[in-house]
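Open the model in your viewer and switch to a cartoon view. Keep the selection tool at hand.

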Amino acid sequence: MKVSGGTIVDATIISAPSSTKNKEGKRDPEMRQTRKGNQWYFGMKGHIGVDSKTKLIH
């Protein structure tokens, strides 16, 4: 079986401060904690998909 089409996906981590030393005393509720390899990060993931045939970004 040969696959000649599909989507190329790039995911990156957008970091944010995990500190609670702000006016509200809370972390940003939209941010999450994630692990890449053996290291933990606090922030959000950004995903970009590109169609391999048409090069259309979605």
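The tour below goes from the whole fold to single residues. One thing to know before you start: this is a predicted model.

**Stop 1: the annotated stretch**

Select residues 6-58. UniProt lists this range as "domain: Transposase IS4-like", in an unreviewed entry. What share of the chain is helix here, and what share is strand? Over this range the chain is 0% helix and 51% strand.

**Stop 2**

Three of them form an open sheet, in the order 1-3-2, and the pairing is antiparallel. Which strands sit at the edges? Strand 1 (7-15) and strand 2 do, and each pairs on one side only. Turn the view and look at the tilt between neighbours. On average, neighbouring strands are turned by 55 degrees against each other, with direction ignored. As background, strands of a sheet pair through backbone hydrogen bonds, either parallel or antiparallel.

**Stop 3: strands 1 and 3**

Select strand 1 together with strand 3 (residues 39-51). How many bridges join them? There are nine, and the two strands run antiparallel.

**Stop 4: Gly6**

Step back to the segment before strand 1, where Gly6 lies. Gly6 has a relative accessible area of 33%, so it counts as partly exposed. Gly6 and Val50 are 44 residues apart along the chain, yet their C-alpha atoms are separated by 8.5 Å. Show the contacts too. Leaving out residues up to four places away in sequence, Gly6 touches Val50, Asp51 and Ser52.

**Stop 5: Thr34**

Move to strand 2 (residues 32-36) and select Thr34. Is Thr34 buried or exposed? It is buried, because its relative accessibility is 14% and the cut-off for buried is under 20%. What does Thr34 contact, beyond neighbours within four places in sequence? The list is Ile13, Gln39, Trp40, Tyr41 and Lys45.

**Stop 6: rings and a charge**

Show the side chains of Arg27 and Phe42. The charged end of Arg27 sits over the Phe42 ring, 4.6 Å from the ring centre. Then look for rings paired with other rings. How many aromatic pairs does a search of the whole structure find? The search finds zero.

Key
Residues numbered from 1 in each chain as written. Predicted model: local features only at pLDDT ≥ 70, side-chain atom pairs only at ≥ 80, totals over all residues. Heavy atoms only, no water. UniProt positions renumbered as here; feature names shortened; annotations may be inferred. Helix = DSSP H or I, 4+ residues; strand = E, 2+ residues; numbered from the N terminus. Buried < 20%, exposed > 50% of the residue type's maximum accessible area, 1.4 Å probe, protein only. Contact = heavy atoms within 4.5 Å. Pairing = 2+ DSSP bridges. Axes fitted to C-alpha atoms, helices over the stretch in contact; angles between N-to-C directions. Phe/Tyr/Trp six-rings, centres within 6.5 Å; stacked < 30°, edge-to-face > 60°. Lys NZ or Arg CZ within 6 Å of the ring centre and 35° of its normal.
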